[in-house]
Amino acid sequence: MRRNRGNSIYLLLLFAVLLLAGCSSKKQIARSSVADDGAALSGLVAESPSMRTGHSSISANTRLSVDIDGKTVSAGGTLRIKKGEGVQLGITAFGLMEVACLEFLPANMRVINKVGKEYSELPYADVVFLQKTGIDYGLFESLFLNRMFSPDGRPVAECLNTMDIEAVGDSVRVSTKEHKGVVYHFLFDKLTANLVRSEGVYHNGAKVVCSYQDFEELDSVPFPRTMSLSLEGAGKNLSLLLKMSKVSASEFDFSPRKVSSGYKREEALDLLKSLE
């Protein structure tokens with residue numbers, strides 16, 4: 001059990017580092033080929049499922065795998081997202097009992113080790129890298145919800161006309177203006193208009209790529225069942241694969257995991273403070 005516990009915490013910490021250090025069977029909708037003129041490309045992006053109001057709640061079973069320099073750790077778990085309230089990624093042992101949980105909340109993130117009765121908590125305001133690049137909870141939520149976002153926090157519809165839009169093969173690429181040393185690129189499939197790739201290029205030379213696959217209808221809106229993250233240019237080869245099943249958009253009441261007085265506070269997430 002100690003080994004399972006260690007793998008679960010290791011998995012969650014790697015997941016957190018991967019997101020913070022850098023910071024998607026396709027079902028096609030009926031659409032004819034899009035012309036490569038600016039108006040047509042802008043229209044495709046504006047009509048993309050990623051630009052709709054979308055789902056406010058997502059829950060799913062997951063299979064999470066993290067690879068660091070060829071060494072892989074995998075575990076089953078659950079994913080719960082409530083727009084504006086939080087993202088919870090639970091890790092289970094033997095597919096039955098939750099042994100650890102990673103939470104992205106509007107003001108902070110937490111890792112909870114239920115077996116060892118330990119937890120670590122870190123406000124985003126304490127991470128230098130996040131303050132320098134303007135990254136906040138909204139970006140993490142957008143990645144999980146397969147949403148395009150604006151690095152300055154404005155609604156995308158308001159600033160889409162300030163972004164660069166071009167055809168790249170069978171895709172349409174949208175590039176943001178540099179904001180606090182960061183440029184984001186979003187790749188949309190020409191045929192389906194689905195957002196299939198989000199990429200952030202950061203001032204420190206690192207690049208995070210988030211790819212989406214296996215889109216299926218979820219309440220009449222395409223949503224990916226597979227999400228992969230990779231970190232390049234940070235001295236190590238890091239990648240993450242998140243496969244989802246039994247995905248639901250049914251509403252639920254969200255609440256952060258409770259940490260009782262018997263839990264000990266650890267400093268596991270404090271290593272992220274030094275990221276620049």
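1. Ring pairs join Phe 104, Tyr 124, Phe 140 and Phe 144 into a cluster, where rings of Phe, Tyr and Trp (its six-membered ring) pair if their centres lie within 6.5 Å, and where planes under 30 degrees apart count as stacked, over 60 as edge-to-face and the rest as tilted. This is a predicted model, in which local features need pLDDT of at least 70 and side-chain atom pairs count only at pLDDT 80 or more, while totals for chains, interfaces and linings use all residues. Residues are numbered from 1 along each chain as its sequence is written, and side-chain values use heavy atoms, with hydrogens and water left out.

2. By the ring rule, the count comes to six aromatic pairs. Phe 104 and Phe 140 form a tilted pair, with 4.8 Å from centre to centre and 35° between the planes. This pair links distant parts of the chain, since Phe 104 belongs to strand β4 (residues 97–104) and Phe 140 to helix α4 (residues 137–144), 36 residues apart; helices (H or I, at least four residues) and strands (E, at least two) are DSSP runs, numbered from the N terminus. Phe 104 is buried, with a relative accessible area of 1%, and Phe 140 is buried with a relative accessible area of 0%. Here buried means under 20% relative accessible area, exposed means over 50%, and partly exposed lies in between (1.4 Å probe, protein chains only).

3. The rings of Tyr 184 and Phe 186 have their centres 6.5 Å apart and their planes at 25°, so this pair is stacked. Both Tyr 184 and Phe 186 are buried.

4. A ring also meets a charge in this model, for the charged end of Lys 82 sits over the ring of Phe 252, 5.5 Å from its centre. The rule for such a case is that NZ of Lys or CZ of Arg is within 6 Å of the ring centre and within 35 degrees of the ring normal.

5. Which residues of helix α2 are buried? In this helix, which covers residues 38–46, the buried residues include Leu 41, Leu 44 and Val 45. Seen down the axis of α2, the buried residues fall within an arc of 95°, so they line one face of the helix; the arc is that of the directions from the helix axis to the C-beta atoms. These buried residues pack against β7 (164–168), β8 and β9, and contact means heavy atoms within 4.5 Å.

6. Ser 50 lies in the loop between α2 and β1 (57–68), and at 2% relative accessibility Ser 50 counts as buried. Leaving aside residues up to four places away in sequence, Ser 50 touches Asn 146, Arg 147, Met 148, Phe 188 and Leu 195.

7. Leu 64 lies in strand β1 and counts as buried at 1% relative accessibility; Leu 64 and Leu 242 are 178 residues apart in sequence, yet 4.7 Å apart in space, C-alpha to C-alpha. Leu 218 lies in strand β11 (residues 207–218) and counts as buried at 6% relative accessibility. The C-alpha atoms of Leu 218 and Ser 248 are separated by 7.3 Å, although these residues are 30 residues apart along the chain. Beyond residues up to four places away in sequence, Leu 218 touches His 55, Ile 58, Phe 223, Arg 225, Val 247, Ser 248 and Ala 249.

8. Is Lys 180 buried or partly exposed? Lys 180 is found in the loop between β8 (171–175) and β9 (183–189), and at 47% relative accessibility it counts as partly exposed. Not counting residues up to four places away in sequence, Lys 180 touches Gln 131, Lys 132, Thr 133 and Gly 134. Lys 180 and Lys 132 are 48 residues apart in sequence and 6.6 Å apart in space, C-alpha to C-alpha.

9. For the chain as a whole, there are five helices and 14 strands, and of the 276 residues 50% count as buried.

10. Confidence needs care when reading this model. The chain averages a pLDDT of 81, and 80% of the residues score at least 70, where pLDDT is the predictor's confidence in each residue, from 0 to 100. Confidence is lowest in helix α1 (residues 2–22), at a mean of 54, and highest in β9, at 94. Over residues 21–33 pLDDT stays under 50, and the model has 51 contacts beyond four places in sequence for them. Where pLDDT is low, the predicted coordinates should not be read in detail.
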